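Dear colleague,

Please find the structure below. The findings follow directly after it, grouped by region.

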Amino acid sequence: MTEQQAHRTAQIERNTLETQIRVGVDLDGSGRSSFDTGVPFLEHMLDQVARHGLIDLDIVAEGDLHIDAHHTVEDIGITLGQALAAALGGKKGIRRYGHAYVPLDEALSRVVIDLSGRPGLTFNVDFRRAMIGGFDVDLFQEFFQGLVNHAAMTLHVDNLRGGNAHHQAETVFKAFGRALRMAVEPDPRMGGIMPSTKGSL
């Protein structure tokens, strides 16, 4: 993609009786992020995706946090997945596949992505505790499930080791950002060709 070509962007809104979400994505950004979700630890993780993926992210969410964060976190994943799919468009000329290993002290995670058009999640993270501050770690899988279903990507997340739950989560999200950056990147050798023998993704 040349500097003269428009950035791959999308703005998506999702409104239900439980949540109201607005997500803006620029796949060709600089890693800038802005969040107002009421879920600070998720915002900290999404900032890792933006910075390591060089993706600009703007997310505003209002949800039924007086109950818990489940609906808000899941619906942010759904809406972000929709925004990624819209920003990618037809996917011609992208690398399609991405992978990354990221360490943080004792923790190490691997994330592998295929922008296949087929949603699928394998999530192998054995968190060392159930809560990180006030955040229920079960919600990370709900976030990624919503994302892959609506971005139509295959995603494998493996925490290979880690003794600190914060470190485990951070390595997962940093690795996801870096793998996503690789997968959405234009491949100059593809010359605008669809990266599939089927001719479509």
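Helix H2, residues 70–88, contains 19 residues, and the distance from its first C-alpha to its last is 27 Å, close to the 27 Å expected at 1.5 Å a residue. The expected span is taken as 1.5 Å times one less than the number of residues. Helices (H or I, at least four residues) and strands (E, at least two) are DSSP runs, numbered from the N terminus. Just after H2, glycine 89 adopts a positive phi of about 60 degrees.

This is a predicted model, in which local features need pLDDT of at least 70 and side-chain atom pairs count only at pLDDT 80 or more, while totals for chains, interfaces and linings use all residues. Residues are numbered from 1 along each chain as its sequence is written, and side-chain values use heavy atoms, with hydrogens and water left out.

Threonine 72 is located in helix H2. This residue is buried, with a relative accessible area of 0%; buried means under 20%, exposed over 50% and partly exposed in between, with a 1.4 Å probe and protein chains only. Among the residues that threonine 72 touches are Thr19, Ile21, Ala61 and Gly63, not counting residues up to four places away in sequence. Contact here means heavy atoms within 4.5 Å.

Strand S2 (residues 19–26) pairs with strand S4 (residues 56–63) in the antiparallel sense over 8 bridges; two strands pair if DSSP finds at least two bridges between them. Within this pairing, glutamine 20 has glutamate 62 of S4 as its bridge partner. Strand S3 (residues 33–36) runs parallel to S4 and is joined to it by 4 bridges, with serine 34 opposite aspartate 58. S3, helix H1 (residues 40–53) and S4 form a left-handed β-α-β unit. For reference, a crossover is right-handed if, with the strands pointing away from the viewer, the path from the first strand over the helix to the second runs clockwise.

S6 (residues 107–114) and S10 (residues 154–161) pair in the antiparallel sense over 7 bridges, and isoleucine 113 stands opposite leucine 155 in S10.

Is H4 enclosed or left open, and why? Of its 20 residues, 16 are buried, so H4 is largely enclosed by the rest of the structure.

Leucine 201 lies in the segment after H4 and counts as partly exposed, at 27% relative accessibility. Its C-alpha atom is separated by 5.0 Å from that of glycine 117, 84 residues apart along the chain. Contacts of leucine 201 include Lys91, Arg96, Leu115 and Met194, not counting residues up to four places away in sequence.

With kind regards
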